[in-house]
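Work through the exercises below with the structure in view. Each task is followed by a solution in steps.

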Amino acid sequence: MSSASPTIGTSPWILEVRDVKKSYENGTIEALRGVSLGIAQGDFLAITGASGSGKSTLLHLLGGLDTPTEGTVLFRGQPLGKSQNGVASIDLDTYRATSAGFIFQSFHLLPSLNALENVQVPMLGTGSHPHNREERARALLIELGLEHRLRQFPTQLSAGERQRVAIARSLVNEPQVLLADEPTGNLDSVNSAKILEILAQVQQRHGTTLIMVTHDLSIAATAHRHVAMRDGRICN
Amino acid sequence: MQLSFVGFAWRNVWRRRLRTALTLCGIGMGIGAFVALVGFSRSFEHAWLQMYESAGTDLAVVQKTFLNTSVDQSVGTTLRQIPQIAIAAPMIFNMMAVTPEVNTLVYGWRANTFEFSALNILQGRRFRDGQQEAMLGELLAGSLNKKVGDTIDLQGSSFTVVGIYRSNSALESGAIILPLDEMQNLSGMTGKVSAFHLQLKPAPPGISPEQWRQQAENAVEKQFPGLRAIPAAERAANNQLVVLAHAAAWGTSLIALLVAALGIANTMAMSVFERTKEIGVLRAMGWSRLRVMLLILMEAAALGAAGGATGMLLGWAALHVLATLPQTASIVSTALPFMTFLDGLLMAVLVGVLAGSVPAWRGARLSPVEALRHE
């Protein structure tokens with residue numbers, strides 16, 4: 001963990017949050033109460049905390065899914081969402097499309113598409129060639145050991161296989177940051193171990209920064225760094 | 001398996017097969033009504049035009065007042081004195097019942113009118129003026145099972161069928177032609193006609209046919225301020241029956257299309273609501289609001305296009321059924337103008353896009369976090 005650097009536009013971190021606060025319902029609910037955190041490129045960070053501690057809110061801000069009420073989120077020194085102090089910002093849609101990949105607890109695969117098609121969805125409408133899209137998706141699924149399940153629909157896949165498809169989907173645009181929200185929350189212990197192993201391999205092989213939210217301390221122990229949260233603040 | 005943006009949109013539409021099929025039925029009915037009704041009114045107009053053109057009618061002289069088709073027959077004498085006019089043929093047309101179920105167009109012509117040149121007499125002969133004689137188009141003769149020598153009753157008067165003819169126009173092949181004076185008696189229009197059909201003399205050297213025709217129109221309207229001389233094509237389009245048919249067709253079609261649009265809007269609103277979490281996932285994957293909006297609009301357009309195709313088949317089938325029914329065969333042609341199909345398809349897609357725009361806007365406005373939390 002590190003204290004925030006003072007100047008917008010320069011940051012030694014790939015991702016950094018500076019004194020970030022997030023409140024809902026006109027300030028009556030404070031999810032984050034001043035969080036500062038720097039994450040280095042290639043890091044594997046686990047964020048833990050009880051339900052309501054603010055860990056998912058922090059993940060959403062780091063992933064550009066939401067914007068802070070106060071404070072700044074920087075990606076490679078550039079603010080996400082809105083310009084600050086004359087430093088041009090990164091559009092959140094662009095950030096999510098090109099630099100961030102998401103893995104969810106409930107997989108969120110699209111039921112009308114098979115595994116190969118699900119992985120191609122993030123690339124749709126980006127101007128990439130359909131053939132290239134398919135080849136990229138196929139290569140990732142093969143890398144994750146799903147070469148025999150390419151044309152299976154989500155309902156025909158096991159929970160572990162579905163999460164592997166979701167991981168392939170999160171990687172398809174070659175993100176620099178991978179954000180996982182309780183990725184093993186719906187898996188048994190065998191599949192959990194396999195998914196964690198895959199994530200660690202992906203993080204090492206692709207040099208991706210991995211940020212994982214979990215309530216399971218044994219899983220958090222596999223990360224390089226561990227941030228614990230309580231009542232909207234970092235507490236370790 | 002390559003996935004395209006359009007393919008993805010169609011998969012989403014086809015996911016709820018029953019709902020999609022029911023929506024397609026609704027749109028199909030709307031577009032079917034449009035194709036059948038507007039197609040009918042356009043083919044009706046086309047048949048009038050064909051009738052005028054094949055007879056060689058250059059101008060028609062009618063009352064300026066809409067729906068008033070009564071012109072004094074004595075006008076003909078003056079018309080024939082106008083230098084540009086070669087022939088001024090008086091005529092009457094009306095719809096009459098030939099059986100309790102069958103209504104047909106009935107024309108009143110002079111026995112020597114130039115308009116007979118467009119007809120091919122298959123059996124019998126031309127009628128004589130002042131006689132209770134009738135000629136039947138072959139389509140009507142077939143459906144009524146009449147032949148030369150039989151009689152036909154119109155408004156309580158009996159007419160002997162003296163000829164069966166063939167015409168290129170559905171309006172004539174399903175019609176009856178009576179002597180003008182007999183038709184005047186039947187219609188209570190003694191001394192009156194519906195219109196005069198004019199053939200012009202050839203344009204003299206140095207004057208174009210259009211200028212010559214314009215001169216004739218001006219001369220008629222100067223002579224008779226209450227009358228209009230209009231070219232055959234315009235007469236076909238502005239003929240009272242055609243105008244009424246167009247108005248009824250468009251009015252009914254628009255109501256049907258509105259119902260279809262509500263069906264699409266409902267389907268798309270349901271779809272967006274049910275897929276809120278999916279929209280959140282798409283947004284999390286970097287899809288912009290615009291791309292989400294385009295996806296939903298494309299789904300709505302796909303529904304519209306598929307419904308339009310269904311509707312065109314239904315409309316085409318409806319026209320073919322109408323063309324075989326004795327009650328409607330005389331005024332319905334199955335020759336559907338291509339423009340009607342094109343209009344139908346474009347209208348279906350447009351209705352789809354318009355109906356899908358509000359659900360698309362709502363879907364695109366969703367915040368990714370709120371959408372992902374949606375249960």
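**Exercise 1. Burial and extent of chain B**

Task: State what share of the residues in chain B is buried, and determine whether chain B is compact or spread out.

Solution. The model is a predicted one. In chain B, 50% of the 375 residues are buried, a residue being counted as such under 20% relative accessible area. The chain contains 13 helices and 12 strands. For 375 residues the globule rule gives 21 Å, whereas the radius of gyration of chain B is 28 Å, well over that value, so chain B is more spread out than a compact globule. Along the principal axes, the C-alpha atoms of chain B fill a box of roughly 85 × 50 × 35 Å.

**Exercise 2. Two helix pairs in chain B**

Task: Classify the packing of α2(B) with α9(B) by angle and by handedness, then do so for α1(B) with α11(B).

Solution, first pair. Helix α2 of chain B covers residues 17-55, and helix α9 of chain B covers residues 240-274. Their axes come within 9 Å and cross at roughly 165 degrees. Angles over 145 degrees count as roughly antiparallel, and α2(B) and α9(B) are therefore roughly antiparallel to each other. The crossing in which α2(B) passes α9(B) is left-handed. Sorted by class, the residues in this contact are 19 nonpolar, 10 polar and four charged.

Solution, second pair. Helix α1 (residues 5-15) and helix α11 (residues 289-324) of chain B have axes that come within 9 Å and cross at roughly 65 degrees. The range from 65 to 115 degrees counts as roughly perpendicular, and α1(B) and α11(B) are therefore assigned to that class. Their crossing is right-handed.

**Exercise 3. Salt bridges**

Task: Find how many salt bridges the whole structure has over all chains.

Solution, step 1. Over all chains, the search finds 22 salt bridges. Side chains of opposite charge can pair when their charged atoms come close.

Step 1. A:Lys21 belongs to strand β1 (residues 15-24) and A:Glu70 to strand β4 (residues 70-75) of chain A, so the pair ties together parts 49 residues apart in sequence. Both partners have relative accessible areas in the partly exposed range: 29% for A:Lys21 and 46% for A:Glu70.

Step 2. The loop between α4 (130-143) and α5 (159-171) of chain A holds A:Arg149, while A:Glu161 is in helix α5, 12 residues apart. A:Arg149 is partly exposed at 24% relative accessible area. A:Glu161 has 14% relative accessibility and so counts as buried.

**Exercise 4. A network**

Task: Which residues are linked with B:Arg283 in a network of salt bridges?

Solution. The network links B:Arg283 with A:Asp93 and A:Arg96.

Conventions
Residues are numbered from 1 along each chain as its sequence is written. Chains are lettered from A and ligands numbered from 1 in the order in which they are written. This is a predicted model: local features need pLDDT of at least 70, side-chain atom pairs count only at pLDDT 80 or more; totals for chains, interfaces and linings use all residues. Side-chain values use heavy atoms; hydrogens and water are left out. Axes are lines fitted to C-alpha atoms, for helices over the stretch in contact, and angles run from 0 to 180 degrees between N-to-C directions. Helices (H or I, at least four residues) and strands (E, at least two) are DSSP runs, numbered from the N terminus. Angles under 35 degrees count as roughly parallel, over 145 as roughly antiparallel, 65 to 115 as roughly perpendicular and the rest as oblique. A crossing is left-handed if the near helix is turned anticlockwise from the far one by less than a right angle, and right-handed if clockwise. Ala, Val, Leu, Ile, Met, Phe, Trp, Tyr, Cys and Pro count as nonpolar, Asp, Glu, Lys and Arg as charged, and the others, Gly among them, as polar. A salt bridge is a side-chain nitrogen of Lys or Arg within 4 Å of a carboxyl oxygen of Asp or Glu. Buried means under 20% relative accessible area, exposed over 50%, partly exposed in between (1.4 Å probe, protein chains only). The radius of gyration is taken over C-alpha atoms; the globule rule is 2.2 Å times the number of residues to the power 0.38.
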